[in-house]
Amino acid sequence: MKTLLTKKGWNQNDIIQDGNSFLVANGHLGYRGTLEEYGADQLVGLNLGGVYDRSGNQWREPIVMPNPFLLLVEADGKPIQVFKEKARHHEISLTDDGVFHRRTEFKDIMIESERTASHADDRLVLERFRLIAKKRLAITVLMGMDPEIAELAGPHFKSAEYSIQDNRIRFAGETNEGKKLFESAVYECAENLESVGKTRLKLSKIVEKGEILTISVTSLISETEPFDPVANRFEESLQASRLAFEKKLAAADIGLRGDAAAEADLRYSIYQSLILGDRERTRCISGRGLSGQTYKGAVFWDTEIFLLPFFTLVDPRVARNLILYRVKTLSGAMAKAEGLGYKGAFYAWESQDDGSEQCSKYNVTDPETGEPVRTYFGEKQIHISADIPYAIEKYIEQTGDKSILDEGAREVIEECARFFMSRAELGEDGLYHLNDVIGPDEYHEGVDDNAFTAYMAEETLRFALNRTNDEDLRQEIARYLDHWYLPKPNADGVIEQFKGYFAKKDSTIEELRSSLHHPNEYWGGENGVATPTKIIKQADVIALMALLPHRFSIETQMANYEYYAPQTEHGSSLSDSMYAIVGARIGKTKEAYEHFRKTASIDIRGASKQFAGGVYIGGTHPAANAGTVLAVTQGFLGLQMHGGEITVDPKIPKQIKSIRLRYVAGNSIKEATIDRDGIKTIKEVAHD
Ligand code: BGC
């Protein structure tokens with residue numbers, strides 16, 4: 001067992017970030033990296049993925065379940081909590097078996113705990129709490145479920161009933177939308193536990209010096225009917241979870257020889273990505289994973305462009321489920337297109353369980369006035385309907401698994417193509433244009449001929465042409481493809497991000513930052529400081545080149561990289577990995593390495609935006625974490641995979657001697673060692 005991340009010392013200001021950095025999760029449930037004495041104010045959260053609810057006329061968002069791990073200790077009548085007494089030593093860590101650990105030494109007591117969201121049974125969260133007395137003390141521990149739930153747009157339970165019996169606390173709740181949810185926690189301890197009200201158990205004992213009290217909590221969350229976790233199985237459940245996670249990690253174990261610090265950040269990013277994968281359900285991964293309710297727990301293009309390629313490499317069953325989620329939500333996408341007067345499927349920019357658009361018209365607020373700011377992400381960020389077919393085709397190319405087409409993926413591709421044809425406008429030049437769109441750079445809204453969108457949509461048409469069995473559709477697509485407008489490189493080799501971009505004002509990121517009235521002001525939209533300028537939020541033309549390398553020569557990629565790098569704020573955590581990929585490909589390995597380190601450490605150091613135009617956007621960054629792996633595979637290794645067979649074109653930064661890559665090919669896990677000259681060895685390390 002190795003440590004992935006450790007933090008020593010306790011700081012009040014780090015509570016929220018630690019909650020993100022030290023998250024445990026199993027694709028279904030997430031438990032934030034908080035302490036047992038924390039409550040709703042410290043954003044304790046047992047986050048349930050995939051179940052959403054709307055309270056009043058607020059945003060619809062995912063559910064947070066009651067916290068079963070509240071443990072409040074008193075010794076000789078004094079509370080033993082990090083808030084109340086300065087700890088002599090405090091340390092939290094995550095280990096590569098998916099377990100969170102805490103060790104806090106107070107004057108008279110030592111507290112140790114470990115916790116995980118089970119990888120063997122994804123309905124379970126587990127916690128073991130140990131208290132070691134340093135002298136004779138009268139101890140009381142009040143433990144139980146905390147009915148106070150931290151919610152951004154709640155409350156979500158219109159009814160919440162608690163009951164207590166034989167060291168078990170049970171919760172039965174019904175959400176505003178009528179969904180019944182259940183939680184049952186068993187508290188196990190060698191001592192007698194006394195019931196206090198309906199949500200607490202109390203342990204009272206005189207302990208001698210050196211005596212250890214151990215409390216184990218197993219909590220089971222159910223979406224169907226009340227279930228109790230089996231008693232006396234804590235140790236067994238913890239071991240089963242450890243083994244299951246170690247197995248998942250074994251297939252994703254990538255090493256960077258020669259650079260221990262970068263390797264540690266990479267392994268942490270792999271952890272943060274892996275804990276979001278769900279092999280069983282066709283649920284998707286939300287923009288902030290299982291760290292909380294930010295972004296309404298909605299699914300963005302982040303999934304297809306960052307997480308899907310990661311899982312395709314290390315756990316294709318999860319990748320398959322991510323595709324099936326888009327199959328499941330196709331009807332929502334078709335309804336959205338129809339509502340806007342188009343054919344086919346226009347996927348939700350922010351998607352939840354049924355695929356309907358959840359992106360509100362006012363996605364940010366003015367931090368000074370509190371007034372909502374009109375944004376058009378949901379209506380205009382149409383590239384989402386190209387990102388999904390792209391990811392499906394990549395999955396098929398890499399795994400060779402065409403069966404997904406007959407499970408609905410073919411229809412997804414066809415309907416996305418239909419959407420783009422109906423959305424395109426025939427210009428005076430006789431070509432089809434996609435006008436009034438938003439590209440990945442969200443600061444410039446309602447632009448014509450965004451290069452990213454035009455190329456990616458054209459790829460969708462090609463995919464559909466190749467995959468469809470419908471002759472009429474094929475002919476229609478062929479006609480559109482013959483007249484599809486694609487922005488081409490200018491005399492300097494640079495592709496204009498959108499029509500009119502080159503005429504925008506020159507500026508710098510520093511200049512814009514210093515012109516802000518409020519640090520959290522939104523840079524884009526109608527009145528944003530970036531709108532009249534060439535400054536862009538995130539990789540846009542560079543993202544296009546990262547995704548479609550075969551369509552642009554190395555010289556063109558180089559010219560665009562040089563041109564757009566100084567204009568890019570990297571105001572989205574999705575940006576750095578794109579620059580790392582293209583940077584490495586064109587031989588700028590020093591810069592690629594810097595972007596890689598930045599994307600790899602985002603949830604370690606918490607150096608990300610916490611607010612966008614007054615709206616809280618904190619949490620973990622799954623796309624940046626999965627993007628870390630892509631920076632290594634697609635960037636440093638130049639990795640391509642066809643039906644489980646790999647080829648490389650390494651551009652490895654000087655800090656790294658060689659890269660050990662693990663990946664899934666068919667039924668086996670393979671390991672390749674690659675250095676600057678290419679693949680040195682490939683061997684099978686495990687068989688599924
Ligand atoms: C980015 C989008 C991204 C979303 C969710 C936004 O800030 O601009 O590209 O999909 O966050 O991560």
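Does arginine 281 count as buried, partly exposed or exposed? In this predicted model, arginine 281 has a relative accessibility of 23% and therefore counts as partly exposed, because the buried class ends under 20% and the exposed class begins over 50%. Its partner is aspartate 278, whose side chain meets that of arginine 281 in a salt bridge with a nitrogen-to-oxygen distance of 3.5 Å.

Side chains of opposite charge can pair when their charged atoms come close.

Arginine 128 belongs to strand 11 (residues 124-133) and glutamate 114 to strand 10 (residues 109-117), and the pair links distant parts of the chain, the two residues being 14 residues apart. Arginine 128 and glutamate 114 are both buried.

Another salt bridge brings together the side chains of lysine 158 and glutamate 174, at 3.6 Å from N to O. Because lysine 158 lies in strand 13 (residues 157-165) and glutamate 174 in strand 14 (residues 168-175), this pair ties together parts that are 16 residues apart in sequence.

Beyond such pairs, salt bridges can also be followed through a network, here one that links Glu36, Glu37, Arg102, Arg115 and Glu127.

Note on methods: Residues are numbered from 1 along each chain as its sequence is written. This is a predicted model: local features need pLDDT of at least 70, side-chain atom pairs count only at pLDDT 80 or more; totals for chains, interfaces and linings use all residues. Side-chain values use heavy atoms; hydrogens and water are left out. Helices (H or I, at least four residues) and strands (E, at least two) are DSSP runs, numbered from the N terminus. Buried means under 20% relative accessible area, exposed over 50%, partly exposed in between (1.4 Å probe, protein chains only). A salt bridge is a side-chain nitrogen of Lys or Arg within 4 Å of a carboxyl oxygen of Asp or Glu.
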